[in-house]
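Trainee: I have just opened this entry and would like a guided look at it. Could we go through it together?

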Amino acid sequence: MITLNINQKDYQVDADPDMPLLWAIRDLVGLTGTKFGCGVAQCGACVVHLNGEAVRSCVTKVSRAAGQKIVTIEGLSQNNDHPLQIAWNEANVPQCGYCHSGQIMSAAVLLRENPNPTDEDIDMAMSGNICRCGTYLRIRKAIHLAAEMQRKESSSR
Amino acid sequence: MAIEQISRRSFIKTTGTAGLALWLGLSAEGSTRKTTNIATAKNFSPFILVEDNGNITIYNIKPEMGQGTFQSVPAVIAEEFEVSLDRVTIKNTSGEPEFGHGQRAGGSSSIRTGYNDYRKIGAAARMVFIAAAANRWQVSPDNCYADNGKVFNKANNQSFTYGELVEDAAKIDPPKEPKLKDPKDFKIVGKMSHRPDIPLKTCGKAQFGIDVQVPGMVYASVQRCPVIGGTLKSFDASETLKMPGVLKVVKAERIVGNYRYTGVAVIANSWWAAQQARKKLKIDWNYEGYDNFNSEDYEEHLRKLADEEGIIDKNIGDVTKVNVSPQNTVEAFYETPMVAHSPMEPMNAVAHVQGDKLEIWTSTQVPSSVTGNSPNELPKLMGFAPENVKMHNMFVGGGFGRRLYLDYMTEAVNIAKQYDKPVKLIWSREDTTQCGPFRPMTFSKLGGGFSDDGKLVTFTHKVISPSLSESARPNFDKTKVDGSMVEGIGEQDYQIPNIKTSYVRADYHVPLAAWRSVTSSTLAFAHECFIDELAHKAGKDPLDFRMSLLASDSDTMRIFKKLREVSNWDQPLGERRGRGVGQWKFFAGQCAQVVEVTHKPDGTIKVDRVYAVIDLGVAVNPDNVANHTEGAVVMALTAATKPAITMGEGKVMQHNFYDNTMVRINEVPQVEVHILTGEGKIKGVGEPGLPPFAPALANAIFAATGKRIRKMPFELKV
């Protein structure tokens, strides 16, 4: 048995230590917000936070994640109200929506590390995430919007 | 009034109806209908459910794959029904016979073909409830009006909610020709922005087919013949069966269009286990000679076929009877490749077979075909009575035409027939990239001739390609032109006195599919680049030349006038910059674009900006239209400049996103979308943004560099 701490809750999973974290999260724990896109760290649909860092759960062995702090899209905020989630809604970013769990999880790390990203910073941080519907312009816009919200929030504190 | 007990299908159960429920919708012939007992209604497609507890549900019959039907279809109904969308429960339908055969999304048709019906249903429902209230008040319906889910009495401002009126409304027949609202009074249509499915997609709650979890479910992964067209001789699963978690190994047939393939499925207690164990299979395939096939040879074959006369598609005037001197003619040959749809959600389905019953959970563009009764729909293909098939359609993680096909479901059902638990089949990304069906390549031979006084008098476009219809549809007649392979080329608004379009069909063995904007995605490239070549020959500005071929009242002229203005076409660009124009008119709709590029000193081409004008008649959610047109540009940029699907030794050479690459965020141009509404007929949104982009880009590169591009994909480097 392996203990996974996901969104501040412990789960005991009976997984082969080599099983990618993605499949443990989806099939064993049952949290399906994290998506399978490519299985080879090319598309970013499966991005989760491991101790605060964005990792591709499709190539992260479950043994590496054992006992670490894992956050999935379901745990990013309590009420779908992380600045990025609000901004994603505000800018009508998703179309099919499949890739956006990963997009938002990648963007969340960017925004924490760089509260005021330029277009180039965003391109650099987000070019690991594919959106086949092509919503990139809106992803960029929403990240700027979220950054602005975050700045306002911190200055009003 | 008796209380109806309705329990035939789960969607009805989940409405929690305890009291009286009134369903309103359309008959198969399109007349408005109502019923209080949906279980016994025949040939009746309900869209609205009003319950006496005040709950209102609007059913969306068009699968939500990103195009926004989860909002747009209910919005049009709600507009006429005078109910605000945020107090309506929206439900996607799942192929239930009660919801009719229109449960499919393709061809940019959800609003284009459904708009008037949705209005009619909403308006009929509004009039029924107004009449019910008028009866209670003993006043004329003219003295009542509906607003925000209530009917008001104009005289005293008394009101009833729709819920309070259900019992009375149930006694009133819906009007046959309901009075539609004046569009200037619209409160929702054209004014909306935020889509109700988006919050579900930012927190992981939206359930796609791949997310379905059914108690007792097991998982499957299939090894298919890597050589397309190969057949299964035999297999040895002994090593596979020793792998942890493996439950069973079975043969699995997959039906895609007119092709049937057999692979080997590994069933295991997790998908990852199935996937690992699949690698241990020892399979003996018979390649049937297809292992000699490669793309280069086939392309050469298509080039040779271009000399054949072909079958006439459209003949206007007579191109053979016009005397054009050789120095006044232009000829060119254009080539486009096969591509894959590559939706982000890999193909998948959960199937549970119990005796003669099938339950299936998946994401598809065609729920009606999962439960329909035609020979090529899932129940009959798989040997089930349609009434014994129950499906659950989920949010679709990208369709683009790929999920018009039932093949992944046929495979899942065949596996499930051999196992006594629900089976979740997931295709890996490699499977999704390599197994097809693919968009067919098209090659185009074009010719144009000018009169001595410089008028374009002849135009020919011959398409050489394998046939989509031959691959995908039963009983295709090879002696006739495949209309889907000459899509749009005879329909442009350009007025040329002598036009001939024709088609040469090439044999092929690879399964083919409609891909977002179908064959317009390749033919527009050839056609609109060649128009540019003609403009160059005529020594005219490419947009002036096009406009000189158009009637002043044509849709294309109206679109070009707007495009000329918004793109600042007449303002010169700076050094090393260029702009190009492209347009396309086809069944799905119409869009024109100007692309601006910069030719950098290192030779690379930067795609700077795109101006798009899309002609719609009506835009239900304008911001969503903009989003889709931006996305169409990105998808078209990928198709124009990223590696195609090619074959060597019979196998697809691309595997995953590292070699089947997609445009990423750092490569996108700015896109400015302008929507024309109010004039002309209602046109589609999903596809029309694609076809004009590739020719506009290639024409811009010509303007910036002088290099003419006649083959897709092309490098952004000159």
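**Around one tyrosine**

Trainee: Where does B:Tyr419 lie?
Mentor: B:Tyr419 belongs to the loop between helix H11 (407-416) and strand E19 (423-426) of chain B. Helices (H or I, at least four residues) and strands (E, at least two) are DSSP runs, numbered from the N terminus.

Trainee: What kind of model is this, and how is it numbered?
Mentor: This is a predicted model, in which local features need pLDDT of at least 70 and side-chain atom pairs count only at pLDDT 80 or more, while totals for chains, interfaces and linings use all residues. Residues are numbered from 1 along each chain as its sequence is written, and chains are lettered from A and ligands numbered from 1 in the order in which they are written.

Trainee: Back to B:Tyr419: what does it touch?
Mentor: Leaving out residues up to four places away in sequence, B:Tyr419 touches B:Val218, B:Lys248 and B:Ile267. Contact requires that the C-beta atoms of two residues, placed from the backbone, lie within 7 Å. B:Lys248 is 171 residues away from B:Tyr419 along the chain, and their C-alpha atoms are separated by 8.3 Å.

Trainee: Why is B:Tyr419 classed as partly exposed?
Mentor: B:Tyr419 has 18 other C-beta atoms within 10 Å, so it counts as partly exposed. A residue is buried if 20 or more other C-beta atoms lie within 10 Å of its own, exposed if 12 or fewer, and partly exposed in between, with C-beta atoms placed from the backbone.

Trainee: Now chain A. In what order do the strands of its open sheet stand?
Mentor: The 5 strands of that sheet follow the order E2-E1-E5-E3-E4, with mixed pairing. Two strands pair if DSSP finds at least two bridges between them.

Trainee: Which strands are at the edges?
Mentor: Strand E2 (9-13) and E4 of chain A are at the edges, each with a single partner strand, so one side of each has no neighbour in the sheet. From one strand to the next, the twist averages 40 degrees. Axes are lines fitted to C-alpha atoms, for helices over the stretch in contact, and angles run from 0 to 180 degrees between N-to-C directions.

Trainee: How many bridges join E3 and E4 of chain A?
Mentor: There are 4 bridges between strand E3 (residues 47-50) and strand E4 (residues 53-56) of chain A, and the two run antiparallel. A:Val47 is opposite A:Arg56 in E4(A). The hairpin has 2 residues between the strands, and in it A:Asn51 takes a positive phi near 50 degrees.

Trainee: And how do E1 and E5 of chain A run?
Mentor: Strand E1 (residues 2-6) and strand E5 (residues 69-71) of chain A run parallel, joined by 2 bridges. A:Asn5 has A:Lys69 as its bridge partner in E5(A).

Trainee: Which strands does H4(A) lie across?
Mentor: H4(A) lies across E3 and E4 of chain A, at about 40 degrees to E3(A). Helix H4 covers residues 100-113 of chain A; at 1.5 Å a residue its 14 residues should span 20 Å, and its end C-alpha atoms are 20 Å apart, which agrees. The expected span is 1.5 Å times one less than the number of residues.

Trainee: Why is H4(A) called largely enclosed?
Mentor: Of its 14 residues, 11 are buried, so H4(A) is largely enclosed by the rest of the structure. Among the buried residues are A:His100, A:Ile104, A:Met105 and A:Leu111. The buried residues of H4(A) pack against E3, E4, helix H3 (83-90), helix H5 (119-126) and helix H6 (136-156) of chain A, together with H5 of chain B.

Trainee: How many residues of chain B are in contact with chain A?
Mentor: In chain B, 50 residues are in contact with 46 residues of chain A. Helix H5 (198-201), helix H7 (271-278) and helix H17 (622-641) of chain B each give two or more residues to this side. H17(B) gives the most, with 9 residues.

Trainee: At what angle do H2 and H3 of chain B pack?
Mentor: Helix H2 (residues 69-81) and helix H3 (residues 115-137) of chain B pack at about 35 degrees, with their axes 7 Å apart.

Trainee: Lastly, what is the strand order in the open sheet of chain B?
Mentor: The order of its 5 strands is E14-E22-E21-E20-E15, and the pairing is mixed. Strand E14 (311-316) and strand E15 (329-335) of chain B are the edge strands, each pairing on one side only.
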